[in-house]
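Open the model in your viewer and keep the selection panel at hand. The stops below run from the whole chain down to single residues.

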Amino acid sequence: LRLESCHQHLRYNPLRDTWVLVSAHRMKRPWSGQVEKEEEDQVPQHDPNNPLCPGNTRANGEVNPDYNNTFVFENDFPALQPNAPDPGYNQHPLFQSKAARGVCKVMCFHPWSDVTLPLMTLPDIIKVIDKWAELMVDLGSTYPWVQIFENKGAMMGCSNPHPHCQVWASNFLPNEATLSDRCQREYLKTHGEPLLLQYAKMEAERQERVVVQNADWLAVVPYWATWPFQTLLLPRRHVQRLTNLTAQEREGLASIMKRLLTKYDNLFQISFPYSMGWHGAPTGPYLKEDQFHWQLHAHYYPPLLRSAGVRKFMVGYEMLAQEQRDLTPEQVIHLGNSITATYAIYKHRSSYV
């Protein structure tokens with residue numbers, strides 16, 4: 001093992017211009033803290049009281065169609081609305097505010113509630129990817145940022161087990177997008193190659209942190225990962241947005257997503273919780289600007305640490321000083337090597353597989 005695998009050290013995150021404290025020896029400490037209650041596994045295929053199921057009535061009184069693949073609708077309780085008033089510009093520098101406008105949509109992946117992405121067929125996952133790209137074209141024609149994200153599991157704040165994600169489009173670049181844009185732009189200026197394109201090549205060569213890979217995609221535990229089982233999903237080709245993916249790359253993406261998420265489920269034999277989201281070049285007015293520094297990528301942030309019931313808490317030092325993790329990304333890969341990703345060992349008790 002490398003010296004850094006056994007002793008505490010700092011790792012640099014070039015996407016955020018921050019440092020992560022890695023303290024691998026802390027996994028040896030006994031755990032007597034909070035243990036999460038295991039989530040209910042018996043999810044019905046169709047629940048007449050679930051507002052996301054086909055044919056059911058949502059909170060606003062609208063009735064869902066009897067959809068048979070993906071289904072998109074306006075969020076009934078949106079965080080962003082298109083006609084918010086402008087607070088004005090004559091403000092003190094310590095008390096600034098701006099108008100925040102946008103739209104929020106919900107996208108159901110499948111008509112059945114008892115399936116998740118790793119349990120879906122490849123053609124059905126491709127339909128999800130195609131719909132993501134379609135929403136990027138639609139919303140990205142106007143809004144500078146379109147955030148696609150999925151919160152999976154009650155541990156990540158998901159209030160509905162039906163397989164779905166959210167899509168928020170805003171008239172501003174959010175903090176994480178602004179930071180990532182700056183870091184990628186500066187890296188290209190200094191090194192002459194897009195940051196994540198070079199990083200994917202180097203990880204593919206080293207094979208030290210690769211979780212799964214195929215001809216068009218690479219999923220790694222990033223060198224600078226903060227969350228224990230965090231992964232970064234990268235295309236091998238220089239691609240700036242989801243809309244730029246070829247049909248072959250979309251098929252490859254469906255395959256690698258299924259394999260990656262199956263590995264997650266098999267790790268602790270549960271439907272693995274996570275928050276994930278896509279980052280790509282800004283849209284709207286930025287479509288006419290040079291965005292060569294951007295590389296499309298997806299982040300997966302699972303909260304679990306030691307088992308299905310023990311999670312990583314980002315509190316105390318992490319909130320007040322800097323990010324810290326309790327095992328190295330290389331140790332995660334060693335742990336995951338014994339997990340098969342071809343077929344789901346853990347199966348949600350779904351009649352779909």
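This is a predicted model: local features need pLDDT of at least 70, side-chain atom pairs count only at pLDDT 80 or more; totals for chains, interfaces and linings use all residues.

Residues are numbered from 1 along each chain as its sequence is written, and side-chain values use heavy atoms, with hydrogens and water left out.

**Whole chain.** Colour by secondary structure: the protein chain has 7 helices and 14 strands (DSSP runs numbered from the N terminus; helices are H or I with at least four residues, strands E with at least two). Of the 353 residues, 52% are buried (under 20% relative accessible area; exposed is over 50%, partly exposed in between; 1.4 Å probe, protein chains only). The accessible surface comes to about 17100 Å², 54% of it on carbon and sulfur atoms (Shrake-Rupley method, 1.4 Å probe; for residues, only the protein chains shown count as cover).

**Cores.** Select Leu117, Trp132, Leu233, Leu253, Met257, Trp278 and Tyr300, the residues with the most contacts inside the largest nonpolar core, which has 53 residues (a core is a set of buried Ala, Val, Leu, Ile, Met, Phe, Trp, Tyr and Cys residues joined through side-chain atoms within 4.5 Å). Helix 5 (residues 247-268) supplies the largest share of this core, 9 residues. Another core, of 11 residues, lies apart from it and includes Leu195, Val210, Trp224 and Leu232.

**Surface patch.** Show Leu10, Tyr12 and Trp19, a nonpolar surface patch with about 310 Å² of accessible area together (patch residues have over 30% relative accessible area and no salt bridge, a Lys or Arg side-chain nitrogen within 4 Å of an Asp or Glu carboxyl oxygen; nonpolar side chains, Val, Leu, Ile, Met, Phe, Trp and Tyr, are joined within 5 Å, like charges within 9 Å). Trp19 belongs to strand 2 (residues 18-22).

His164 is in strand 6 (residues 164-170) and counts as buried because its relative accessibility is 12%. Its contacts beyond four places in sequence are Leu52, Val106, Met107, Cys108, Phe109, Glu150 and Cys158.

**Gly140.** Finish in helix 2 (residues 122-140), which contains Gly140. Gly140 and Thr283 are 143 residues apart in sequence, with C-alpha atoms 5.0 Å apart.

Technical notes. Contact means heavy atoms within 4.5 Å.
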